[in-house]
Every structure is written in C-alpha cells, then in structure tokens.
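Welcome! Please take a moment to look over the sequence and the 3D structure shown here before reading on.

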Amino acid sequence: MSSRESISIFGVSASPGIVIGPVLFLGRRRFRRPDHRCLDVSEVGVEVERFQGVVDRVEEQLREIRQQFISSLDGYASIIDSHLLMLRDRMLYDRTIAIIEQEKKDAEWALDIALNEAREIFSQIDDPYLRERVHDVEQVAERVFRLLAGRTEDKFAAIDKKVIIAARDFAPEDILRMRNDQVLGFFTEKGGETSHTAIVARTLGIPAVVGAEEAVRQVVDGETVVLDGISGRIILSPSREQLDQYYEHQRQYRQYSEQVALYAHLSPETPDGLKVRVEANIEMVEEAIQAISYGAGGIGLFRSEYHYLGRSKLPDEGLLFEVYRNILTAISPFAVTIRTLDIGGDKLPAGDKGGEANPALGLRAIRLSLRDPLMFKTQLRALLRASVYGNLRIMFPMIASMGEVLAVKGYLAEVMAELAGQKIPFNEQVPIGIMIEVPGAVSIADVLAKEVDFFSIGTNDLIQYALAIDRGNENVAHMYEPFHPAVLRMIRQVVEAGHEAGIEVGMCGEMAGDMSCLPVLLGLGLDQLSMNSMAIPYVKRMIRHSIAEEAEQLAASIFRCASSREVYDLLGEYLPRHYPDEFGPGGIRTLRKSGGLRTVADNKQGMDRARIL
Amino acid sequence: MVVFEQEIVVGNLCGLHGRPSVKLVETARCFRADIKLVRDDVEVDCKYILDVMSLACPKGTKVKIKACGEDAEAAIAALSELVRDNFGEE
C-alpha cells in the first residue's frame, strides 16, 4: 500500500478471476540508450562481438520459445520463424555491424539506426497489412536491445515473487511463458476481448484485463494493485477497506467459481424441467473449443465479419468455406449459427469511404448484403457448401421487413439451384433464422415467423433503436435500459409470435448473458440464450438454481412495472432472495441502478458498438 | 552464366506477409543460385526476409523470380511452385 489515493480504472475484462499483489511494469522502449557512445578503434572489434553474442543468445531464446508452442497456437510458431530470419537479416544484423565499424559507435546506437532505416522502408508500403509487419521487426530489435542493456534474457524468469504484470502489450509467447512463472495476472494498455492476448490468457486461466490504458500509465512498480478480471476493474493503491473487501471477494469468487466450473457441463435445466439452450457468441474458430469447455451447448452466434475487415479485398468463397467448415467440424455435433455479414458499407474494402450522416440507420447488415448480391451470394455459397460438414444454421441480421426476408430466401434458392446444378452437395434443409433487432420487425414478428425457422433477438441494437439511445453518447448512455418496459414488452411479443408459429426464439445480445436478466428471460420463455463464453458457466448455474414457475411469476409481475426503476426495485428484492450466492451479501454480482447492469458479458459492448456506429 | 526467369502472380490472401515470406526465403536458401525477386523495377534478394517483405507484394501482385547459378533452373521451379500453391495456405 502507498500513501497516494486509490485509483479505480475499468478496462476490458479478458480473463476472469480476482488477484491482489504487487505490480510490476514490464515496459518496452525503456532499454534504449538515449546517447551514443564513441569507441576507440581498439574497442570496435569487442563491440561487434558483444552484438554478435547478444544476437546468438536472442536466437537461442527464440528457438526455445518456438519449441514451447502448443499445437493449437502453431500460427505463432511461424511468427517466431519469421523473427528468427529477421534477426539475421542483413538489414538488421549486417547493417548494425557495418555501422558499428564505420561510425565507431556502440551497438545500441547502431541497431537503432538500422531499425530506423527498416522502418523507413516499410513506411513506404501501400498495403496496410504488409506495412504493419514492421512491428515484427521492432519486436525482434527489442529483444536485442533488452539483452544489450544487460537485462535478463527472460523477463519472466527474473520475477522472483508473485506479481501482477502491467505492460503496454504482450506478444502471445510472453503469455505462454507466464504459465510457469509467478504471474498472478496481468493488465495491458492495448487489446480487446478477442485479441489473441486475451484468448491465450483465458486458455491458460490467468486473470487479465486489457485495454486499461490509464491504469498502465499510472502504475508504480511494487505497489499493491487489485485486478478484477470479472468486471475489468483495476485498483491502484487500494485503500485498506478496498483490500479487505477484495480479499473477501476473492475468497468467495474462488469458492464459487470452483463449484461453477465443476458443474459447467451439467444440462441447463431447472429442477422443474424447463430446459434452455445455452450457447456461445464467438468470432474466431479458435474460440470454439474454449466455448465448449465453458459448457456451451453450441455456437449461437458466429460473427462472420472478421474475414471482411482490414483487408484490401473481399474474401473469396474458398476462404469463407474453409472458415465455416472448420468451425462446423470443430463443434459438431453441436449447432453453429452463423450470421451473415453485419457491418456498415464503409467498413468494406470496396465500400463507400465517404461515410453516412447516420450509419446506425444506414446501409448496413442485411441491407448491404442485398445491395451487393455478388458478395452476398459468395457468402451464401460458402455457407451452403460448408453445411454438409456439421450442424449449420444461417442467420440474417437487421431484418426490418417481409420484403427483405423474401429477398434473402430468393438468393438462397438461387444459390441452392446453382450448387445443385454443379452437383455440389449441401444441406437443403439448413435452418434459416433472422435477428430481431429492429422495432419494426418486432411489430410484424407474427408474419415473419411464418417464413423462417428461428428468431434470435439482438438486444443491443433493439434497445438502441427502441429507446433511440446511442450508448456511445455519454449524454444519453445512462438512458440505455435493458429493463425499460418497452424493451421487455418487445421481447415478450417476439417470444409469443415465434411460439405461436412453432419456431424457436433465442437471444444473442448482451442481455442474454446478463445474470441479472436471466430470471426474467427464463420467465418469458426464451428457448436459447447465446452469450460470451465466460458467462456460460454462471448462467447455467443460475438456470439450475431457478424454478420455472417462479420465473414466470416474476416475468408476470415485471409487466406490471411502469418504469425500469420499478423493475430494478423488484429485482433488487428478488435476486438476492433466489440467488444468494450470486446476488446475496458479498455475492459475485451486484445490481447497479445507474448506467445499466454490468456482467462478465458486458465488455462485448465496446466491440458491438464499434460495429454499430 | 544463364539467368532463368519466371513471372508469377502472388495469389494467397494476405500477400507476402510473414509466413509466406519465411517459406519463400527458406526455399530460396536451399539453392546455391543467386535469386532475386523483382516487382516493377525494384529487385530484392530472395534469401533475405526483410528484402522480401519490404518489396510489398499484396495478393494479385505480379512478380518475377530471377535466378543465376548452377541450380538456377531447379530454384525457379521450386519457388514458382510455392507461389502457385499459395504457400500451402488453402
């Protein structure tokens, strides 16, 4: 503890768990020497040898790291291969030696010059992806700088006590090394929930918060910090009360999560026989296995945007087919619901960069797909071709009218006929569903239900459109209320319309993984809830501790509430009584009245919002 | 010494980024011949990864592989095959 005031900062929760301990800042760029050192002629040879010796050791280091890669991460092995080649590349290696000899300056200074020359060359590359490979060159140089500065080869090996690590960013191999070291947890400036750093942290079970820029900036080495990977909170120099509170919190969380994890694979069924499918929202194939290990009964939302973003061209059918086939085979026999492209046109390589005055109400999601039939049909073809490799469901985002449903089905029929003509196998019965996220679609849910096999309610957009709230706008964000009676009534209307037509109604918005919402959703009769993987064991546990009849009664009484405030009051009484481990005194969740509810699933919002706005 | 040449289009998704460059360089280094990669009028050494990466060849780039030396013909064949095969990416 220190004398300064405690500082509490929220980042993005990347891997759950609570840890408390001394913090260590593993900074980059602090090894660089500010000035050059002039050498005597006699010293030049020694300096070159020093540099060569360091490069030899870095090479050994990289080879050692490379051997440690577990198979699921072998994409990184090839990154290390490229680093090995870069280390000995003449632009860095030969050039540095030449500068030492010609200029008679020290190795750090020479390497810095060589690195800057490489940066200059890369900066002239037009292609953004290739241009950014310069970061790999920098990472390699960084390793050399570190050893030249006399730092230990392995920054983690130097850690001699249990610490929480703060850093700007980690290379994935850094996190792999943490496993054997005394790293309690870590937080970084950069990264989002789906960054590789976050995924690897979850795989290894190290509590982590990413995107906590301010926390990393203000960190003081050796000071005690609290890292709450559940809510994404970092507390720097916590007060005595905060520490006591968090030690207790940690103890309870440990106990609770052991129990939750132990039972993650039990069926999500209430003691009185109500079954709900609990599935995962994911974006990358790598996350699928993780989702299953968290107890997901399938993938309720596979976001297909990744392969369309940050590239110079649209993905071709072959690539998409590969991705879809991989996810289907990885998850089989569980179902995978793949959502067709859900972004605004300005995000596409060939898109209109001019921008729209009001993109949330503009050309996005299904509207964009229908505007560009060639692109849309490419995705549909890839999906249908993949459909024979597992249990695929296709979902269309942002449907607002019957015309759109019919148009989508028209394209689907067209592509099916083409495939049949080419004798390419596909599943003719592949279930198709739509996302209900536009209030207009809610009103006509009864007629839409006759045309599709399932509904999935996208609450993030639905709430935004229903209440006319841009959650990214701080002036109005507090009015974004999942428990606004209008929202609850819409959900009820969709469930009733779907069930009337005999189709399944699920939910894949953030609300689906929100533990505070769960009893209400159960009471409303949703058939499937799809959420961030991390939330799954918790939601499943709550379902097993729910009584369907009580949930129905709760839902009924909620509909007598005139405002979200009344709903909160009601839940504030209901949740601790029915779910004491979660919402009781010292429970792992608290219901917050202002600014909505915060749960493990909450952090997806940043990404979703980025996509929406 | 005869110089062998082959024009070829980079067809893999992200172009000559890290992984394909590694393969190209490692393959080139299996041969004794002097091997160059040429794009427009820029020529780089195919045995150095930063040369290859900084040549900046996104998907669809037309490049020329030039080899000179005793095993030049075999080098050209192996390297062209690698590019044609999209570096085994898909």
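## About the model

This is a predicted model, in which local features need pLDDT of at least 70 and side-chain atom pairs count only at pLDDT 80 or more, while totals for chains, interfaces and linings use all residues. Residues are numbered from 1 along each chain as its sequence is written, chains are lettered from A and ligands numbered from 1 in the order in which they are written, and side-chain values use heavy atoms, with hydrogens and water left out.

## Chain A as a whole

Let us begin with chain A, which has 25 helices and 16 strands. Here helices (H or I, at least four residues) and strands (E, at least two) are DSSP runs, numbered from the N terminus. Of its 613 residues, 57% count as buried, a word that means under 20% relative accessible area, with exposed meaning over 50% and partly exposed in between (1.4 Å probe, protein chains only).

Contact means heavy atoms within 4.5 Å. Among the contacts in chain A between residues at least 6 apart in sequence, 69% join residues at least 24 apart.

## Where the chains meet

In one salt bridge, B:Asp51 meets A:Arg90 at 2.6 Å, N to O. B:Asp51 is buried, at 7% relative accessible area, whereas A:Arg90 is partly exposed at 32%.

## Salt bridges elsewhere

Over all chains, the structure holds 38 salt bridges. One of them pairs A:Glu189 with A:Arg168, their closest N and O atoms being 3.4 Å apart. A:Glu189 lies in the loop between β5 (183-188) and α8 (196-204) of chain A and A:Arg168 in the loop between β4 (163-167) and α7 (172-178), so the pair ties together parts that are 21 residues apart in sequence. A:Glu189 is buried at 18% relative accessible area, and A:Arg168 is partly exposed at 33%.

Within chain B, the side chains of B:Asp40 and B:Arg39 form a salt bridge at 3.8 Å, N to O. B:Asp40 is exposed, with a relative accessible area of 65%, while B:Arg39 is partly exposed at 24%.

## Buried spots in chain A

Which residues are buried in helix α22 (residues 548-558) of chain A? They are A:Ala548, A:Ala551, A:Leu554, A:Ala555, A:Ser557 and A:Ile558. What covers these buried residues includes α19 (485-500), α20 (518-524) and α23 (564-578) of chain A.

Strand β1 (residues 7-10) of chain A holds A:Ile9, which counts as buried at 11% relative accessibility. Leaving aside neighbours within four places in sequence, A:Ile9 is in contact with A:Glu214, A:Ala215, A:Gly232, A:Arg233, A:Ile234 and A:Leu236. The C-alpha atoms of A:Ile9 and A:Glu213 are separated by 9.0 Å, though these residues are 204 apart along the chain.

Note on methods
Salt bridge = Lys/Arg side-chain N within 4 Å of Asp/Glu carboxyl O.
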